[in-house]
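Q: I am new to this structure and would be grateful for a close look at a single part of it. Please find the sequence and the model below.

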Amino acid sequence: MAAEGWGTRQLDLQALEARTQAIGRELFAAATREHAHLSVLNRWTAQVLAWCLSDPAVKSRVLGFIDVLPSLATPREIARHVREYFPPDFRLPVALRLGTELARPGLLTQGALALLIKQIVERVAGQFIAEHAPDRARTVIAELAARGATCSLDVLGEQVLTEAEADRYVAQCRTLLELSAAATPSPNLSVKPSALTPRFDPVSPAQSLERAARRIVPLLRLASEHGAVVNLDMEQYELRDLTLELAKQLLVHPEAGSPHTKGFGVGAGLGIVIQAYLRDSDRVTEELLSWLAAHERTLTVRLVKGAYWDSELAQSRQRGWPAPVYETKAETDLAFERLTRALLGAHPLVTTAVASHNVRSIAHAMAAAEALGLSKDQLEFQLLYGMGDAIHAAMVSMGYPVRIYTPIGELIPGMAYLVRRLLENTANDSFLRQDWCQECPADELLRPATAAAVPSPPREAAQAGEPLADFSKASPRDRLADALKTVTGQLGRSYPLLIGADAIRTSQAITSRNPAAPGEVIGRVAQAGLVEVNRAVAIAAEAQRAWAQVPVEERAACLRRAAQRLRDRREELTAWEIVEVGKTWREADADVVEAIEYLEYYSERMVELAAGRPLAQRPGERNLYTYGPRGVAAVIAPWNFPLAILLGMASAALAAGNAVILKPAEQSSVIAARLVQLLREAGIPPGALQFLPGLGEQVGAVLVRHPGVHAVLFTGSKSVGLSILEACGQVLPGQRFIKHAVVEMGGKNAVIVDADADLDAAVSGVLTSAFGYGGQKCSAASRLILHERIAGRFLQRLADAADRLVVGNPADPSTDVGPLIELSAVRRLVEAAAHAREVGTIVYEYPANRLPGSGYFVGPAIAADVPRQDRLARAELFGPLVCAFRVKTFEEALEVANDADYALTGGVYSRSPSHLAWAARAFDVGNLYLNRPITGARVGRQPFGGHRFSGLGTKAGGPDYLLQLLLPKTVCTNTARHGIPLEPVS
């Protein structure tokens, strides 16, 4: 049932529209009169904002500069950033152009310029931020009361990344609540659920809700004592369901009382937000209202259109998900009106707060409330502080309650916080225009929204690849939990070699164990020896000729069928990764996704290459450029990406027409066995794909040196990779070709954090890059290069953020960091931490008493003051230990970053346009990431690979990777007879 079902069917929509128009004109006229009384400050701010919003390029520069301004500590830095964001040819209004011109050397002291810039920004910030400190909120409450309005106070601040920051946030909320309770009869507080705990994560809803409730219940208890309302703000879409569930749990909390007793969840004590721009907002509202009726609970609902439109679209496209938001304003406006009628019709179950600056939306709500028989005090209207003063005054003059959403925080940092929200949503432009009633006539403002007969479908992410699992939804979580139970029932089985059409069991087997519980045997895989290697190579050589003759379209179809089989078994394969190699839920799912993408990507690229490359043509000759396979390919894969890297190398070789002998890592042989079976089911001939598990020093070494192997594809350590290159350079008796090697090795990857970096993003990004999958990625961050000005603060926040991570069994979705792969890895990391204590300082080390009692677990560690030439600073560790280095300049940071034997990945967190451009030129890595984590490359979007001792410069998942597995051939045909061309001359 749509949300319209709640008390709105008796409404005559035609009469409602007529009344909406009448009220709207009255409202418009009143607002126009009030607009003339706006202050000079408001008018100046309006002019600046109108200019800022007049052009997307201008807006992005202005908002970007405001975002970075709080991190600029010196006048020199401010002047440099002014010049970078606003070069001489950039169009600026007079009020701001003065500052940029004076920023040129010699025109004005940098101190005076810094003061001028800060004054301008503070003047604008003062329009939107009520006070700079919670203890000064009483003043703004009184000022709003004098204008006939109440307020909902909101704490501005940095992103909550640590438990201490969450505690500070709640303490500030408590202060605001107590002050507002003393200053107004209707205290109201807005709380961000994600700020109640740094681990408000939908992948583990039960634990997230428990952590959030732990902090908000005392706040609700205080609110109940003062008769206050605490609103749970609605943030990103992926947190929506979790926030709704938090509200429901609070409403039935033991302290909430019953419908007939006083409790913090009863009456108007708790509020929540509904976002009309979400496509499923009608369904969610209907379900919420039904729940409230069934549980005899009441709730305050703030109805908004939504403030994350751009970011929701961008994230859905990046992750391959359907767009969760309406993509036209008309659809959102219509949804807002439907939801307005539904919520007002549910009174007194719901107390509705209509939050909009749109005259049409406000007038419609007034008309609907009248038609439903509600008095003016049975709903309220909400506006943003500093915006819509004219409409605010008009509504008060008409007798309606008005509440102002009122941010409290330091002016410039607070303005930067608001700017981030604005950067996320360009649709907020309309909210910022102060001259709305002068720009548009009443007829245009009050025109009813119209949408197409068929609403715009959710936008699919074009060429975004395979969608990641959306664990904010219950269905994907339930499917994976069920798959884990199924896989657990299949442990301990034996798997044979697959040589040609035969399944072969040998006297020796590899025992695969769960690294989180080593006593648990995942499976036993037959172990190949020299006899099996020789037989497999002979069969591959025979199958090679037939596979190469299969038309490219048919080979590509096999790979696409394999991709579909992986989709069909996605949760099962994800579960196998969790138990065999210790990946957490999201890490395991991402690996399966990447494997599917490789199958699709290389099949598409090979079809393109099969058409050949264009060459110059001349009369009397026809020139053709084609590709053929190299021959038998040995794929030697690592354990850390047991599907993606293994299948990436194998699918490229197969797509190119090469027969593949697959030698997986011993630690992930069960996953490989199951994968090969799926590939064969998809139609890849047994001889073209053989499964040859065994010990690396035995089977792997023999395959590399075998004279019947034409190409070796390897991903792993530097030492093994270099030995493979050396072996491939030797030509053995009977070998009539030069063996080709594609070797991907390790990294000692650095992340630079500049003096002006967004520390919220930097801490979060480093946390992911350094400790995701326990640092067991060649792309993981292992060096942090920090500008000395922010180094201390950054390291403290990073240490606190690392301390809130959960190290444990990855089968539990609340786990952040799983086990290392084997006992030798644990010993290596323990020795490295001990060495760090000897030569430097341990800034943070995960408490040993919080580690699981069994399994190969090592917690995150952060070292500092390690000598730059020490082996700890130069050798790959492959674990959750990161070394931090302090530098004085960005130039020094780049020098330190490049002083490494590896060149795989690197990252820079900076808000200086010149420094980002400098890094793009001078940071010598294969994959450079600016202002984002340095792990998680996606096929076709961030082709992956490095140079120096990281590899040969090849790029997995890139447009030229297949060329490594193909031999080009040029065919020139003489089309003339006796010098006379037989083809038309163009």
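Is leucine 965 buried or exposed, and what is its relative accessible area? Please describe its surroundings as well.

A: The model is a predicted one, and the description below should be read accordingly. Leucine 965 has a relative accessible area of 1%, and because buried means under 20%, this residue counts as buried.

In the chain, leucine 965 belongs to the loop that joins strand S28 (947-948) to strand S29 (966-974). Leaving aside residues up to four places away in sequence, leucine 965 touches Gly628, Pro629, Arg630, Ala652, Ala653, Ala656, Asn658 and Leu713. Its C-alpha atom is separated by 9.3 Å from that of alanine 741, a residue 224 positions apart from it along the chain.

Two of these contacts, Ala652 and Ala653, carry numbers that fall in helix H25 (residues 644-655). The axis of H25 comes within 9 Å of the axis of helix H22 (residues 552-568), and the two cross at roughly 155°. H22 is therefore roughly antiparallel to H25. On the H22 side, the residues that meet H25 are Arg555, Leu559 and Leu566; on the H25 side they are Leu647, Ser651, Leu654 and Ala655. By class, the residues of this contact divide into 5 nonpolar, 1 polar and 1 charged.

Cysteine 728 is buried at 5% relative accessibility, and cysteine 883 is buried at 1%. A search of the whole structure finds 0 disulfides.

Note on methods
Residues are numbered from 1 along each chain as its sequence is written. This is a predicted model: local features need pLDDT of at least 70, side-chain atom pairs count only at pLDDT 80 or more; totals for chains, interfaces and linings use all residues. Side-chain values use heavy atoms; hydrogens and water are left out. A disulfide is a pair of cysteine sulfur atoms within 2.5 Å. Buried means under 20% relative accessible area, exposed over 50%, partly exposed in between (1.4 Å probe, protein chains only). Axes are lines fitted to C-alpha atoms, for helices over the stretch in contact, and angles run from 0 to 180 degrees between N-to-C directions. Helices (H or I, at least four residues) and strands (E, at least two) are DSSP runs, numbered from the N terminus. Angles under 35 degrees count as roughly parallel, over 145 as roughly antiparallel, 65 to 115 as roughly perpendicular and the rest as oblique. Contact means heavy atoms within 4.5 Å. Ala, Val, Leu, Ile, Met, Phe, Trp, Tyr, Cys and Pro count as nonpolar, Asp, Glu, Lys and Arg as charged, and the others, Gly among them, as polar.
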